[in-house]
Amino acid sequence: MLTHAHGDHVGSLVELKNQFPDIPISVSERDSRLLRGDTSLDNDEPQTPIKGGIPKNINLVPEQLLKEGDQIGSLVVITTPGHTPGSISFFDTRDQAVIAGDALQTRGGIAVSGQIRPFFPFPALATWHKETSLESVKKIKALQPRLLAVGHGEMIENPAESIQLAIDQAEKKLATN
């Protein structure tokens, strides 16, 4: 189950599929296009070029195309675009954990995707649309997660204050630009 289709999150996908051919690949319907190398934008999306490492030569077709509200076991799909147009997060109904992919980062300090952290700027540099990222993090905060797991950095228990700090910092930065 992929949160998004950037190269740093799908780099071993072909080898994993070779080793475990019966395990389905799942990605958002929207980011399945990125998995194929298609960086075109829909008419209703902000017309900002998609950034980050777009996969090349993956040649795999996901078995499951995910959308908001789909459930796989105890995980519910939450659309959280911004880092990529089809970024998703997973909300675990058992313990209220959120697996946020790159919607947020904690390495180098907590930040909404698109906000530069000097000690680890890469997620920010690979973010497609900062304003959309901010709205997605507000959506994550509204879930009142008890645990936040991100693609880059440590997990945070009881992350409400940390998420709010990231939101406040992103709002301030976007307001000055």
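This is a predicted model: local features need pLDDT of at least 70, side-chain atom pairs count only at pLDDT 80 or more; totals for chains, interfaces and linings use all residues.

T80 is buried, at 2% relative accessible area. For the whole talk, buried means under 20% relative accessible area, exposed means over 50%, and partly exposed is in between, with a 1.4 Å probe and protein chains only. Residues are numbered from 1 along each chain as its sequence is written, and side-chain values use heavy atoms, with hydrogens and water left out.

Where does T80 sit? In the loop between strand 4 (75–79) and strand 5 (88–92). Helices (H or I, at least four residues) and strands (E, at least two) are DSSP runs, numbered from the N terminus. The side chain of T80 makes a polar contact of 2.9 Å with that of S89. A polar contact is a pair of N or O atoms within 3.5 Å; within protein, one must be able to donate a hydrogen and the other to accept it, and residues adjacent in sequence count only if both atoms are side-chain atoms. Leaving out residues up to four places away in sequence, T80 touches S87, I88, S89, A103, S136 and I140. Contact here means heavy atoms within 4.5 Å.

Two strands pair if DSSP finds at least two bridges between them. Strand 4 and strand 5 are antiparallel, over 5 bridges. L75 stands opposite D92 in strand 5.

Next, the packing. The largest nonpolar core has 20 residues, and A100, L104, V112, I140 and L148 touch the most other members. Strand 4, helix 5 (130–142) and helix 6 (160–176) each supply at least two residues of this core. Helix 6 gives the most, with 5 residues. A nonpolar core is a set of buried Ala, Val, Leu, Ile, Met, Phe, Trp, Tyr and Cys residues joined through side-chain atoms within 4.5 Å. A second, separate core has 13 residues, including A5, V10, V27 and I50.

What about salt bridges? The count is 10. The rule is a side-chain nitrogen of Lys or Arg within 4 Å of a carboxyl oxygen of Asp or Glu. D42 and R30 meet in one, at 3.8 Å, N to O. D42 lies in the loop between helix 3 (32–35) and strand 2 (64–66), R30 in the loop between strand 1 (26–28) and helix 3, 12 residues apart. D42 is partly exposed, at 27%, whereas R30 is buried, at 12%. R30, R33, D38, D42 and E45 are linked in a network of salt bridges.

K139 forms a salt bridge with E68, with the closest N and O atoms 2.9 Å apart. K139 lies in helix 5 and E68 in the loop between strand 2 and strand 3, so the pair ties together parts that are 71 residues apart in sequence. K139 is partly exposed, at 31%. E68 is partly exposed too, at 42%.

Last stop: Q144, in the loop between helix 5 and strand 9 (147–149). Q144 is exposed, at 60% relative accessibility. Its C-alpha atom is separated by 8.4 Å from that of P159, 15 residues apart along the chain.
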